[in-house]
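Hi everyone, thanks for coming along. I'd like to walk you through one structure today, so let me put it up on the screen.

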There are 4 protein chains.
Amino acid sequence: MEDSTDVQSRVAEKRFKLTRVGVTGVKKPIVVKRPWGERTLNATLDIYVDLPSDQKGSHMSRNVEVSGELVDKTVREPVDGLENLAARMCELLLERHEYASYSEVDIRSDYFLERDVSGRKKSLENYQIRAKGEGYKDGEVKKFVGVTVTGWTTCPCAMEGVREKFEEKYDEISDQLKDMPVITHNQRNNTTLMIEVPSDREVEVNDLIDIVEGSLSAPTHEILKRDDEANIVIQAHENPKFVEDVVRDILSKILKNYDDFPDSTHVEVRSESEESIHKHNALAERVTTFGKLRE
Amino acid sequence: MEDSTDVQSRVAEKRFKLTRVGVTGVKKPIVVKRPWGERTLNATLDIYVDLPSDQKGSHMSRNVEVSGELVDKTVREPVDGLENLAARMCELLLERHEYASYSEVDIRSDYFLERDVSGRKKSLENYQIRAKGEGYKDGEVKKFVGVTVTGWTTCPCAMEGVREKFEEKYDEISDQLKDMPVITHNQRNNTTLMIEVPSDREVEVNDLIDIVEGSLSAPTHEILKRDDEANIVIQAHENPKFVEDVVRDILSKILKNYDDFPDSTHVEVRSESEESIHKHNALAERVTTFGKLRE
Amino acid sequence: MEDSTDVQSRVAEKRFKLTRVGVTGVKKPIVVKRPWGERTLNATLDIYVDLPSDQKGSHMSRNVEVSGELVDKTVREPVDGLENLAARMCELLLERHEYASYSEVDIRSDYFLERDVSGRKKSLENYQIRAKGEGYKDGEVKKFVGVTVTGWTTCPCAMEGVREKFEEKYDEISDQLKDMPVITHNQRNNTTLMIEVPSDREVEVNDLIDIVEGSLSAPTHEILKRDDEANIVIQAHENPKFVEDVVRDILSKILKNYDDFPDSTHVEVRSESEESIHKHNALAERVTTFGKLRE
Amino acid sequence: MEDSTDVQSRVAEKRFKLTRVGVTGVKKPIVVKRPWGERTLNATLDIYVDLPSDQKGSHMSRNVEVSGELVDKTVREPVDGLENLAARMCELLLERHEYASYSEVDIRSDYFLERDVSGRKKSLENYQIRAKGEGYKDGEVKKFVGVTVTGWTTCPCAMEGVREKFEEKYDEISDQLKDMPVITHNQRNNTTLMIEVPSDREVEVNDLIDIVEGSLSAPTHEILKRDDEANIVIQAHENPKFVEDVVRDILSKILKNYDDFPDSTHVEVRSESEESIHKHNALAERVTTFGKLRE
């Protein structure tokens, strides 16, 4: 029935099911429309389905066609959210790959938000956003949305060590030193938050960015004049944080902000500091469900 | 009891357990001694423990000390395998972090093997090897070892499409064309195999490299003279492979080669082709256990 | 005169001039309007000035302000070309850094063009574009524009080696083999072309992309159905190319296409093939002027 | 005379000279023996020659053979320095490519040195080293050697801004504040130094590492106990540095340390800070000769 050159549809010699088969690193512009405005994102997509044990190959050109049909038309009809686009792609993938029982789409993109610095200047800040869909043969589609925020952390441990030394050395001012932010090492930090979006709920990525950015010692900014710079250095040192603190503060805010999300909701948080004092990085991570967090 | 500057040992404000806390990207030379010889590897390590909900921070300097003690001494006493080093590090991490119930070590390194080309020339070929340990509070330690091999794949689907067109065009020779390797797109491929090593078994990475390299359309070589080049081009085209075929061939060989490994043994195989004909890559993957493969 | 905290304006202790001082990796969306349409690019910028020997530091926040003023306003007033934006930034940098005698701006971005496949399907293809400006104290501003195109190359040398072997083996068809494209190794190739734009001329990046894409063995496409795939495999094998051939073909076309550009016009071409048959890449490069090419 | 499949030796259709043609990303272990000991480096090499306008292709397999012959034998006969190996490869490349008038070899590797922390503990620290050779038809060979060091910088400008604010707020202690290191942003910094080695001189990479590491606000360490950490934080803040300061301090030390090197000696220094307070990096650079620096 199949034409002879449909090599993919032949019977596999070694009969093993494959977990994921597809294309990675597909680059596409995607137009997203949110209540507050429209954005053109330059996205990178990975698009997979599973493959049953008796079929030789997956028709990967169908993955790129699904991307072509749904992504390319966002130029005319903007999509209402990357995670919704990923979910619709998952559904269409299962239609086109009639042999598949699972589909998966992962979308990543740079993203920009205007931020105030000291209530005066506007600075356009760069973030990364990510969305993921998982489609199942029974019609279920899971959606996930996430952000990566670059900010900075100041080390509480080195600050205490220095404060002790200073209290010995500058004994007349040691009372005042107790209130004063003291030197420590601080560094660029990249923190990622990703959560599942229940089918009847919405998550705004700008909120996720606010949650993560507000959980670091301080945000980073592209433009800072001398006075802003001093203020933010003070803010960061009044707010010393381990990567452990960053992850826990985010988990705490997520539980509060999305308190009506079911126990099964998946969440992962990962905070990595490019330690100024070391050549290696420091990382803290929690991968879990809302239910486990509520225990 | 702890001195006042042990900020890590303070009680956490937001009481959430953390899945993994530690250091990433630690670079170290490691000397490994195998029955067939000794190698100095330039490795990169990630070293984690978990963190209970009531403790503010993990003492990350202990992770680097564990690495310092066990890795640095391999210069004098070579270790008998990266996975055994990872396992010992996991045990020592749980001793040093008395509050942890889980430890994890991931080690990656470049690796070299001498290869024959046409039985005449020796060529020193580059591979990546990887080992992982997971330590549990009850004393259990899981070990994993893996390889990434760069080879190449020739596409069977495009070959059939071209063959059909050639049979129309070169009709006089169409019988011979059936046996003859026909043009197709081919490309660099990176394939990763990682398997669990049961506590009473051994896995030789050189065997894993042989298994992966033998499952591609052809290996890649640093040095090829004109005649070798033609022979390997023919070999690759007599052996066209989808990434799906590569993964299944490896799974088949693994089951046979390690047939006494228990059903619980974890295995993952991932094959990614940097498609010459596309800007994106093609990927096939299976993550499973020996038990599932034996079904 | 300067306020005490203007540390940058202090006198340098070690009096050495610095070639370039500035910021790297600034991410910005840029809206570009060309005669054929408008595009939102997600760009990355490096922005430098030089620093005289007697001044301690460069005021780097001015670099980001110049970017903020000229780039951010493209959302309202699209710029007519990345190289023109780079040039205007260079001029403004020299105004703001009154001590500088040189300014430099480098802009890189992903870029997309619609392409026909077999005259039927549209496929949105990804490219990289780049622009550079160099500003001088005497008012001169040099502009450069460039592209990186991912395509593929088929090796002419291995093809000849195989053809010889085939002529021995398939002797009855050896006459026909002379015309027939024969198997060889082929692979993904990234080729970069960058040329200077004389102040009274214009260069269209779409033309540069056409020139580079047309100089490879064949273009790459995101979407290819089975028949297109076979046709492009044949096209690539009828057009075998060394990286050396790719560079020379581009140089030849550039000279013809921009034959009224002056001898001083800078040009650089770099073609790198991710060899399917080797673990290393093959690279050919020419960095020169139109005058030298015309010799 | 040449056999018919030597496609490279054919006459080029488009007659343009090529600046560099060769292989990139060749990975090799190299054994180096210095007066103080022996090291096995895992190196990556780029190997080029130029190509005259009338020859179609360069015989790239000769590049890998030259590497095979000279690099692989270092396992038995360690080489006395990466730059000497690069120089010998350049000479042999010109012998083997009889048509070439220029050859170039670039070698990069991770590198490790033991460092004391507070005179007590040993810590094995990671650096990158690099060597380059340039061969010319008249027999001249230029050699270059370089290092990249990861350390950290503390910002002098933000420190002054904060100090001023603190002097207003903590007026009773403001006299003591003048001596006390005050909070600022600090961050990981990567600094590269590369210098030409005159044919009758030697440069020890360990000296270059000392020069660069001593020019940053403080070094970074893999292992630091609490007390060491506080001391190094204080050291870094007593030594605030712009990237501009780092480059100039290195230039000053280089001139002094190698005061008998001729005016023609090439030198380049590049210092890049991964700003904790910004999402972008700060960079300072000088590319010049000893003669220019001595002016």
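Let's begin with a question: how many residues of chain C are in contact with chain B? There are 38 residues of chain C in contact with 38 residues of chain B, where contact means that the C-beta atoms of two residues, placed from the backbone, lie within 7 Å.

Before I go on, some housekeeping. This is a predicted model, in which local features need pLDDT of at least 70 and side-chain atom pairs count only at pLDDT 80 or more, while totals for chains, interfaces and linings use all residues. Residues are numbered from 1 along each chain as its sequence is written, and chains are lettered from A and ligands numbered from 1 in the order in which they are written.

How confident is the predictor? The complex gets an ipTM of 0.93 and a pTM of 0.95. For chain A, the mean pLDDT (the predictor's confidence in each residue, from 0 to 100) is 93, and 97% of the residues of chain A reach 70 or more. A friendly reminder: where pLDDT is low, the predicted coordinates should not be read in detail.

Back to chains B and C. On chain C, the side that touches chain B draws at least two residues from each of β5 (141-154), α3 (156-169), β6 (186-196) and α6 (226-237). Those labels are DSSP runs numbered from the N terminus, with helices being H or I of at least four residues and strands being E of at least two. With eight residues, α6(C) provides the largest share of that side. By class, the side of chain C that touches chain B has 16 nonpolar, 14 polar and eight charged residues. Here Ala, Val, Leu, Ile, Met, Phe, Trp, Tyr, Cys and Pro count as nonpolar, Asp, Glu, Lys and Arg as charged, and the others, Gly among them, as polar.

Now the symmetry. Two copies of a chain are related by a rotation about an axis and a shift along it. The same surface serves both copies, with 100% of the contact residues of chain C recurring in chain B.

What about chains D and A? Chain D goes onto chain A by a turn of 180° and a shift of 0.0 Å along the axis, with an RMSD of 0.0 Å. That is the relation of a two-fold axis. Between these chains, 38 residues of chain D are in contact with 38 residues of chain A, and α6(D) gives the largest share of chain D's side, eight residues. Because 100% of the interface residues of chain D are also interface residues in chain A, the copies meet through the same surface.

Let's look at a single chain. Chain A has eight helices and nine strands, and its C-alpha trace spans about 90 × 40 × 40 Å along its principal axes. An automatic or database domain assignment gives chain A domain 1 (14-118 + 131-139) and domain 2 (149-295). The C-alpha centres of domain 1 and domain 2 of chain A lie 31 Å apart. Five residues from domain 1 of chain A and eight residues from domain 2 of chain A make the contact. Strand β3 (residues 102-117) of chain A gives the most to domain 1's side, with three residues.

Next, zoom in on α3(C). Its buried residues include C:P156, C:M159, C:V162 and C:F166; buried means 20 or more other C-beta atoms within 10 Å of a residue's own, with C-beta atoms placed from the backbone. What do the buried residues of α3(C) pack against? They pack against α6 (226-237) of chain B, together with β5 and α4 (174-177) of chain C.

Why does C:T220 count as buried? Because C:T220 has 26 C-beta neighbours inside 10 Å. Leaving out residues up to four places away in sequence, C:T220 touches B:I277, B:H278 and B:K279, along with C:T150, C:G151 and C:W152.

Notes
Copies are superposed by least squares on the C-alpha atoms of residues with pLDDT of at least 70 in both. A residue is buried if 20 or more other C-beta atoms lie within 10 Å of its own, exposed if 12 or fewer, and partly exposed in between; C-beta atoms are placed from the backbone.
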